Amino acid sequence: MVDVHPLRMLPHSVYKCDSRFHTELLREQLIDDSCYGFIVVDGSCASFHLLVGDSKRTIFKKDVQLPKKHGRGGQSQNRFARLREESRDWYTTEIAECATKHFIDLNTHKVNVKALIVSGSASLKHQVIKKLDPRVRGAIVSTYDIQYSGEAGFNQTLLLCESDLANCRYMFEKNLLNTFFKHISSDQGLYTFSPYDTLYALEAGAVENLIVWNELALVRYAMILPSTGATKIVCKEESLTVQNSEAGDENTWQVTESQPLLDWLLDHYQDFGSDVQLVSGNSALGAQFVQGFGGVGAVLRYPIEIPDGEGGSEEEEEEYEY
């Protein structure tokens, strides 16, 4: 009998008679729900962004063309200056009102983000902050001057506020993958990627940190050749088929066990004294890891010589054997 304690108090009790265990409420608690809000504003655009766990998204964007300073003189100089100030005042007021709609929960009347970071043009940024709802203004932890607006400004802000997001899953994944890519660029042999190389290093006890895409679709097949008793492991996409032997055919490989590779790694990584980290493909580094390295890699304790794998055929490039 297994006694499981939830990470947080459950909102309600669940009692169901079924053929399986219902763990949906427990799985939801494993999701990083730390939410950070961002306001990026300058004279051409204002946008609001959210960083939740390892994913980021834009929730509001408004383009604007504010009148700029000019050298026109004469009797109209004061009128042009007044129109410019009125436009800026209207713009900053609207942004402050939109911030209340997006960052205040209508049910609790409290800020719906863990922290708020404001960046943008120096003067406009501070004008917006002065007009923010006191509840929203109280959630601001940092302000930054940036050169860009919109999505580019948001990405620049993320680079500047790493210290404010030290406990955020997004920054943890970014630092983890940066370490992995640094080992690749240093070329000291302290890394592996691809299922074959990574599994070989794992079973040799050389893996310190195992990095796996959380949506890895590869399946691990254990196979045997009855005529000789030889065994091998094949990792390939679940959508592909693995040829099995017909009854009595001892010269064809037979599948003795199949399991999603991700599940097998989560079940056995501790057997080899390694740590495992799951990453998503939501960030730029995560997408590069998934698309360029197959979503499986590792940081090694020491260099290890990995023999050439038997590999897959040219027709099945997704097959890996060892």
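The questions below go from the whole chain to one helix pair and then to the aromatic rings.

Colleague: How many helices and strands does the chain have?

Modeller: Keep in mind that this is a predicted model. Buried residues make up 38% of its 322 residues. The secondary structure comes to 9 helices and 13 strands.

Colleague: Among contacts with a separation of 6 or more, what percentage comes from residues 24 or more positions apart?

Modeller: Take the contacts in the chain with a separation of 6 or more. Residues 24 or more positions apart account for 66%.

Colleague: Are helices H7 and H8 roughly parallel or roughly antiparallel?

Modeller: H7 covers residues 195-203 and H8 covers residues 261-268. Their axes come within 13 Å and cross at roughly 15 degrees. Angles under 35 degrees count as roughly parallel. H7 and H8 are therefore roughly parallel.

Colleague: Is the crossing of H7 and H8 left-handed or right-handed?

Modeller: Two packed helices are described by the angle between their axes and the distance between the axes. Handedness is given here too: for H7 and H8, the crossing is left-handed.

Colleague: Which residues of H8 make the contact with H7?

Modeller: H7 brings Pro195, Leu199, Leu202 and Glu203 to the contact. The residues of the contact divide into 6 nonpolar, no polar and 1 charged. From H8 come Leu261, Trp264 and Leu265.

Colleague: Is the pair of tyrosine 191 and phenylalanine 193 stacked or edge-to-face?

Modeller: The whole structure holds 11 aromatic pairs. In this one, the ring centres are 6.2 Å apart and the planes lie at 10 degrees. Planes under 30 degrees apart count as stacked. So the pair of tyrosine 191 and phenylalanine 193 is stacked.

Colleague: And is the pair of phenylalanine 193 and phenylalanine 293 stacked or edge-to-face?

Modeller: Here the ring centres are 5.0 Å apart, with the planes at 80 degrees. The cut-off for this class is over 60 degrees. So the pair of phenylalanine 193 and phenylalanine 293 is edge-to-face.

Colleague: How many residues apart are phenylalanine 193 and phenylalanine 293?

Modeller: Phenylalanine 193 sits in strand E6, residues 191-193. Phenylalanine 293 is in helix H9, residues 284-293. The pair links distant parts of the chain, 100 residues apart.

Colleague: Is phenylalanine 293 buried or exposed?

Modeller: Phenylalanine 193, at 31% relative accessibility, counts as partly exposed. Tyrosine 191, at 22%, is also partly exposed. Buried means under 20%. Phenylalanine 293 has 17% relative accessibility, so it counts as buried.

Colleague: Which residues do ring pairs link into a cluster?

Modeller: Tyrosine 191 and phenylalanine 193 form a stacked pair. Ring pairs link a cluster of Phe180, Phe181, Tyr191, Phe193, Phe289 and Phe293.

Definitions and conventions: Residues are numbered from 1 along each chain as its sequence is written. This is a predicted model: local features need pLDDT of at least 70, side-chain atom pairs count only at pLDDT 80 or more; totals for chains, interfaces and linings use all residues. Side-chain values use heavy atoms; hydrogens and water are left out. Axes are lines fitted to C-alpha atoms, for helices over the stretch in contact, and angles run from 0 to 180 degrees between N-to-C directions. Helices (H or I, at least four residues) and strands (E, at least two) are DSSP runs, numbered from the N terminus. Angles under 35 degrees count as roughly parallel, over 145 as roughly antiparallel, 65 to 115 as roughly perpendicular and the rest as oblique. A crossing is left-handed if the near helix is turned anticlockwise from the far one by less than a right angle, and right-handed if clockwise. Contact means heavy atoms within 4.5 Å. Ala, Val, Leu, Ile, Met, Phe, Trp, Tyr, Cys and Pro count as nonpolar, Asp, Glu, Lys and Arg as charged, and the others, Gly among them, as polar. Rings of Phe, Tyr and Trp (its six-membered ring) pair if their centres lie within 6.5 Å; planes under 30 degrees apart count as stacked, over 60 as edge-to-face and the rest as tilted. Buried means under 20% relative accessible area, exposed over 50%, partly exposed in between (1.4 Å probe, protein chains only).
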